[in-house]
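Subject: Structure for your review

Dear colleague,

Please find below the structure that I am handing over to you. My findings follow it.

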Amino acid sequence: IIPKYEHWLLNPLHLWQRNYSANACLFPICALHHVAVTTVEGIGNTKTRLHPVQERIAKSHGSQCGFCTPGIVMSMYTLLRNQPEPKMEEIEDAFQGNLCRCTGYRPILEGYRTFAKSKKQACGRSVTSKCNIPCTKMSQLFAATMKESGESECISPNLLFPQTHNNKPQKQLCFKGERVMWFQPSTLKELVALKAQYPDAKLVVGNTEVDSASAQEQLFHLGKYVSAMGQISAVSEFSGICFGASCSLSHLEEVLRKAVAQLPSYKTEVFRAVIEQLRWFAGPQIRNVAQQTCFLSFLLLRIHICILILLDEPIDHGNNTKASFVLLIISSNKANICFLFFSKGEYFSAFKQASRREDDIAIVNCGLRVLFPEGSDCVQEIKLSYGGMAPTTVMARKTCQELIGRKWKEDLLQEACHMLASEMNLSPSAPGGMVDFRRTLVLSFFFKFYLTVLQKLNIELNGNVSPSIIHSAGETVPPQYASATELFHKDPVDNVQLFQEVPPGQSIEDTVGRPLMHLSAAKQASGEAVYCDDIPRYENELYLTLVTSTKAHAKILSVDTTEAQNVPGFFCFISEKDVPGSNITGIANDETIFAKDTVTCVGHIIGGVLADTQEHSRRAARAVKITYEDLTPIVTIEEAIEKQSFFKWVRKIEKGNIQKGFEEADHIVEGEMYLGGQEHFYLETHCTIAVPKKEDGEMELFVSTQNLTKTQEFVANALGVPSNRIVVRVKRMGGGFGGKETRSTVVSTAVAVAAAKTGRAVRCMLDRDEDMLISGGRHPFLGFYKVGFKKNGRITCLDVSFYSNGGNSADLSFGVTVFHMDNSYNIPNIRGIGRVCKTNLSSNTAFRGFGGPQGMMVAECWMSDVALKCGLPAEEVRKLNLYHEGDLTHFNQKLEGFTLRRCWEECIKNSDYHARRKFIDEFNRQNRWKKRGMAIIPTKFGISFTVPFLNQAGALVHVYTDGAVLLTHGGTEMGQGLNTKMIQVASRTLGIPTSKIYISETSTNTVPNASPTAASVSADINGMAVLNACQTIIKRLEPIRSANPKGSWEDWVLAAYQSCVSLSATGFYRIPDLDYDPEKNEGKAFAYFSYGVSCSEVEIDCLTGDHKNLRTDIVMDVGTSLNPAIDIGQIEGGFVQGVGLFTLEELRYSPEGNLYTRGPGMYKIPSFGDIPTEFHVSLLRDCPNSKAIYSSKAVGEPPLFLSASVFYAIKDAIIAARQESGLKEPFRLDSPATPERIRNACVDVFTKMCPSAKPGTFKPWSVRV
């Protein structure tokens, strides 16, 4: 949080203090001179007292891995500093710049709802609503906890702002660094002089557009900051409103809102458009520091504007002034951007479409203005300007010229669209891709503008009457078209989470089944939680930066480090020549630590540069010059199929008689579906610290990994030492999701080699772009299916083939897709084949669900086709084909404890499915350009590693003489609450409070040979191992307890010690009876299954492809929950991650295999605004699971696929849109259902005006891998 003094509207001499949140990674340190800065550590801590903002996010279960929590805490704290009683809408807006990959956002909003002015009941319902559900509600317990906590004032005293903002003249500042000189002028005159002296210097205000690469290459940086240059940040008024050129966007928005509230609406036409666009321009942290010229270049300056900067003389704008919405006035002492008031008959609209609505760069945006003579609908002047249709903003000049003098009627619309389609054409190879979508958006935006203006003209020419009444001179907006003119609106999140209470009589100290708070949540909320890179630097520590390939497939001809050696702090360069043991690594021994002779993907590690600091190391790494000889890469699945480039292993499952099944079918449908990959986007990137121990080849590694055993094994192999010389430690991770199961070894092994060579501690933490490039993600899949079925929708036969893009190594690619190709449906005759394509991409790997979601997604695709072909409701066809208790799966495992049908019926009831279905049908009849859809989707997910020997776990329990217990197990904590659950298990088994039990870390020297924390089984197997160890302790204590039954735990422990009874015990567990034989297709593949059902409703904009998630109801069987709060958090987090997978997140590659989407600027995960407006989760009651610890069930991966209900709700809405165009046959919708795919699927007159180029006649900018 950064407090600033700002100039008051119309009174530049009046200053007031306002607080801003800002991104530390963007804010230049030099710009903080004379600025008070407060971080999360400064508002509260666990040693004294947490601030209420910290306490509430912890107690509402809004912190899982915790890596994002400090940023969210500070965003909320800043809001409360400025607005002690905010509205719920303001709270949601405050988080637009924050991302979380774990929680699903709902519990964060729930916790901070308690600060809102318009409070709701504890369950999230409005105060006036009634609720008769007898279950326990998560938020009721949270509200009670907050009441008991007796919190202090939410807002602490004012920050101590440095006493520098007074009447004394400010001085110019200059900071000199190793390569950078930073000036901070105090007056505009000084700024002009400095710019003249250093003409190539960058002008920096908010630093939001200065990326790290350009910053490192720029010799001189010229910085001017609002806090130091009051004269160009003031606000004044004339025939419009003038803002100083360095006014922040947040301040601009605030002033414009006041103007809109006070002035006639026609005058503030532009103001309202700017405010609307600002809602979706970056997040508050960016808008708080970004100056308005940055924003204006994206929107308003597209409309015939003359901009001249840094002149000593006033500018003569001539005739351009009248045509301008924004006017820049600069003289020797003024630099203002002025928004002119509009006159009557003047209309303006701005539109933007991005991949994600919040905090995303536009795919296409536009500013559209038209002027009519007063009392007329004849166009006097029109300006149509578009961004995203060329390297720079373009004006549709020909179209505008042709429309002048025309009446605002239907024929104008038709001709304008045809002219725009011709004038705003794009090459099919245009950078950015999405060519058809971008061309269609041009027409869609104009159509929206046409309708909006038509509505306003009707009102102006006919008085304040309904726009549906036709005026004498023009036309009207048809009622079914009216929704196309509505601005995006989303209500605050409303939610209910239901779970079953613990049995009556359960001891208060027994926390199993209770919603215990994540035991690290308070530390995470206060910034005290220690992650790998938080470990203090070791003496003489070196930093490693990896040098990676820029080619997808090539021979390495030479590596030149000459220039790198000249960088200050350079220590050495390492490569395959420096590996003391074996350079061969990987799960299948088909990888290298460092590339030798040949590289097989962009991002392939060639070597690494060691230097004294991170900055020096990165500079030196960029200076390494590598020459290549190009080889032909294989990038896509289709290329791999064509060239037969596969890994040897093929998985096949077949049951029944395929030929007979198709003969019995009334209909047969064939099709295919592509599912894109997904980046893990854990908030903490890969990180390793390696510390050599000077003797016998010992080394200690601190690693952010899910797999300590493979980390230890690979490092020992690389160093040529036994595994007992390598100790790997993990305290916590900032997220994992499978991405740190094996791919973390790529970094940790290289760091270990560097430490072994230098004999010094070495650290490496990847930047986000490095991490995305090197570590791989979820496998893209291409599925081909042929399905036979009866007229009533009963499936008789299925034949399906899966092809996944494995990348350049096998890794864990042989996953479980064919095990889940049935999803939840009983198919008597079925065959599935899975192949892994070997390509020149970074090796793809495990990701939550690991092949299961892709297999189930293809199943729901053909199920959707079957329902459409039969003309039956999709939910009826799905229910008809569901398994029953006792049925055999296609891999011949009997379904026992099959609760899916219970989940289905409860979800139908909770969601009020049938009544809402009728409402949606009526909504779709009344709206042409907005459509709603709804889908209910089941999931059946098998629980266990499919590699049988991995289904084992160990634990170690130490009891100390004061009664304290130190617990260690083989699992790792990455936000999923595993340590919390293990402490709950130990607490119940030992019969002591959780406060007496502590987990310090996971390490290879306490629990050896631990299986990776993956496959959702960690709580199951580690919980049983903990139970086993604790039972050993209890058994040893039994004679002592019998002799002193009234003694305390401490008494018994001390007596045992004095009686020489061991107070340390190991525990072990393996899942029994897993004996599946893939050759015979028989035996038990999984310990049990988790079940769930989700119903989702969405609304799509048929003109732009935008959609919003209106409501989701989930019913999940988690057995008897160990911790309902953690389990519900996993359900919501998995669901929202799946929303990203199926509707939002898209990896884009060049035809040469180069990844474009290397960071949050290009790759968009779900944000706060993407979760369902109504989000209801219910845990199925009375369904104990005898196969796992204390009757619980696994919960990490199974809920992810439930988000497919959003995808198929979107498809349901598209079906309604296509029916308006007379299209009723099944159609293909690949995943993710991005705005591009949604818009292109909603075939209409505008899409037909923008025909696609013929494949093969051009080279695309990006390819589907």
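I begin with T839, which sits in the loop between β33 (829-838) and α24 (852-870). Please bear in mind throughout that this is a predicted model. Is T839 buried or exposed? Its relative accessible area is 3%, and because buried means under 20%, T839 counts as buried. Leaving aside neighbours within four places in sequence, T839 is in contact with T600, I634, V635, T636, A640, N805, G807 and N808.

In an unreviewed entry, UniProt lists E1197 under "active site". This residue belongs to the loop between β42 (1174-1179) and α32 (1204-1220). With a relative accessible area of 11%, E1197 is also buried. Which residues does E1197 touch, if those up to four places away in sequence are not counted? They are R848, G849, F850, F941, A1015 and S1016. For one of these, G849, there is a further detail: the side chain of E1197 reaches the backbone nitrogen of G849 at 2.8 Å.

Next comes a sheet. It is open, has 8 strands and mixed pairing, and its order is β19-β23-β17-β30-β27-β28-β29-β38. The strands at the edges are β19 (570-574) and β38 (1002-1003); each has a single partner strand, so one side of each is left without a neighbour in the sheet. Helix α18 (residues 614-623) packs on this sheet, where it touches β17 (542-548), β19, β23 (605-611) and β30. The direction of α18 makes about 25° with that of β17. Within the sheet, strands β27 (residues 687-692) and β30 (residues 762-765) run antiparallel and are joined by 4 bridges.

Finally, I turn to helix α31, which covers residues 1124-1143. How far does this helix of 20 residues reach from its first C-alpha to its last? The span is 28 Å, close to the 28 Å expected at 1.5 Å a residue. Helix α31 is mostly covered, since 20 of its 20 residues are buried. At its N-terminal end, α31 is capped by N1123, which places a side-chain oxygen 3.1 Å from the backbone nitrogen of A1125. When you look along the helix, please recall a general rule: an α-helix has 3.6 residues a turn, so residues three or four places apart point the same way.

Yours sincerely,

A colleague

Terms used
Residues are numbered from 1 along each chain as its sequence is written. This is a predicted model: local features need pLDDT of at least 70, side-chain atom pairs count only at pLDDT 80 or more; totals for chains, interfaces and linings use all residues. Side-chain values use heavy atoms; hydrogens and water are left out. Helices (H or I, at least four residues) and strands (E, at least two) are DSSP runs, numbered from the N terminus. The expected span of a helix is 1.5 Å times one less than its number of residues. Buried means under 20% relative accessible area, exposed over 50%, partly exposed in between (1.4 Å probe, protein chains only). A polar contact is a pair of N or O atoms within 3.5 Å; within protein, one must be able to donate a hydrogen and the other to accept it, and residues adjacent in sequence count only if both atoms are side-chain atoms. UniProt positions are given in the numbering used here, feature names are shortened, and annotations may be inferred rather than shown by experiment. Contact means heavy atoms within 4.5 Å. Two strands pair if DSSP finds at least two bridges between them. Axes are lines fitted to C-alpha atoms, for helices over the stretch in contact, and angles run from 0 to 180 degrees between N-to-C directions.
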